[in-house]
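Let's walk through some side-chain contacts in this one, starting with rings and ending with charges. Have the viewer open as you read.

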Amino acid sequence: MIHPSVKKIPILEVCILIFSVIVLAALNFHIELLNGAEPDLLMSRDQAITFIIAAISKLLFTYSATNKKLVLPGKALALYISFIGVIRILIIFFGDPGSGNTMALVTAFSFILTGIALFYLTINNNERIFLPHVLSLITFFIALFSAIAYSFDGVTFYGIEYYKPMAMMASLNFMLLSFSILLVNRQKGFMGEITSKHAGGKIARLFIPIAIAIPVILSFLRFKNDDMGLFSTPFGIAFLTLARISILVFFIWRCVVIINRSNKDVVVEIEERKKTEAVLSYRKALLEAQNESIPDAVLVVDTKGKIL
């Protein structure tokens with residue numbers, strides 16, 4: 001059983017800090033194990049620092065519920081993150097294309113979205129579309145797209161020669177940070193539907209991770225098979241088609257099970273309510289019959305002797 005104090009630890013923000021500090025340590029102290037990694041795997045020094053600032057900003061907003069003084073520095077850091085993204089985009093389009101400090105366009109754009117999402121994080125918006133959630137969702141899918149492309153060896157899939165792809169660790173940090181923001185005020189907007197205790201929420205929590213993971217895994221297997229030539233193309237297509245059908249049928253069955261269980265609970269509740277109403281109706285009729293059969297007058301008084 002998880003200790004209550006452990007549950008209060010912001011795990012996602014701590015992971016972002018750890019990953020960013022590891023990258024900074026590798027770059028500053030020339031750690032051979034990490035420095036020998038592919039250049040598109042590790043993020044740059046300025047990206048790592050910006051992620052540290054973003055994690056700190058998110059932590060300030062997390063603890064601002066008990067200390068309102070933390071809101072202002074949290075917003076200031078959020079604006080700084082967006083400012084860094086804007087500056088990097090300007091460098092990409094108007095600076096030196098061959099500069100080694102050029103940040104990936106999607107990375108800079110994601111920093112802008114993340115900064116705006118963090119800035120508006122404390123606004124109590126009652127509308128169904130919660131702005132930080134929408135921005136974080138966009139950032140999440142941008143990072144997921146970059147991570148998928150990296151896993152498929154898509155270094156040049158962007159189509160711009162001088163444009164560097166988002167680093168794999170940057171993609172991971174963006175996904176963690178976006179998910180952390182999505183968990184704030186998760187009772188509102190579309191996150192409220194996903195985190196609901198009803199059948200729809202249960203189905204969403206079951207299907208969404210699978211909807212993300214399964215296509216990526218199957219596409220990766222198809223890509224590796226075409227690259228290595230393990231199986232013929234017709235066999236690979238047939239196998240992947242069968243795998244998609246089997247997985248889809250399995251999760252449709254799980255969806256049916258969840259809905260049936262929910263409906264059974266509703267039916268049981270309705271039956272219990274009918275039984276309770278029948279008992280109350282019988283007691284009411286019995287009491288009325290007793291009152292009508294008594295020949296003497298009946299007065300009902302309270303504890304103070306007042307006639308009711």
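This is a predicted model: local features need pLDDT of at least 70, side-chain atom pairs count only at pLDDT 80 or more; totals for chains, interfaces and linings use all residues.

Numbering runs from 1 along each chain as its sequence is written, and side-chain values use heavy atoms, with hydrogens and water left out.

Let's take the rings. A pair of aromatic rings is described by the distance of the centres and the angle of the planes. Here, rings of Phe, Tyr and Trp (its six-membered ring) pair if their centres lie within 6.5 Å; planes under 30 degrees apart count as stacked, over 60 as edge-to-face and the rest as tilted. That rule gives five aromatic pairs. One of them joins Phe-51 and Phe-111, a tilted pair at 5.0 Å centre to centre with 55° between the planes. Phe-51 belongs to helix H4 (residues 45-63) and Phe-111 to helix H6 (residues 105-119), so this contact ties together parts that are 60 residues apart in sequence. Helices here are DSSP runs (H or I, at least four residues), numbered from the N terminus.

Phe-51 also pairs with Phe-174, this time edge-to-face, at 4.7 Å centre to centre and 70° between the planes. Since Phe-174 sits in helix H8 (residues 168-182) and Phe-51 in helix H4, the pair ties together parts that are 123 residues apart in sequence. Put together, Phe-51, Phe-111 and Phe-174 make one aromatic cluster.

Now for the charges. Using a cut-off of a Lys or Arg side-chain nitrogen within 4 Å of a carboxyl oxygen of Asp or Glu, the model has two salt bridges. Lys-58 meets Glu-13 at 2.8 Å, N to O. With Lys-58 in helix H4 and Glu-13 in helix H2 (residues 11-29), that pair ties together parts that are 45 residues apart in sequence. Both Lys-58 and Glu-13 are buried.

Arg-88 and Asp-46 form a salt bridge at 2.7 Å, N to O. Arg-88 lies in helix H5 (residues 71-94) and Asp-46 in helix H4, so parts 42 residues apart in sequence are tied together. Arg-88 counts as buried at 16% relative accessibility, whereas Asp-46 is partly exposed at 21%.

Conventions. Helices (H or I, at least four residues) and strands (E, at least two) are DSSP runs, numbered from the N terminus. Buried means under 20% relative accessible area, exposed over 50%, partly exposed in between (1.4 Å probe, protein chains only).
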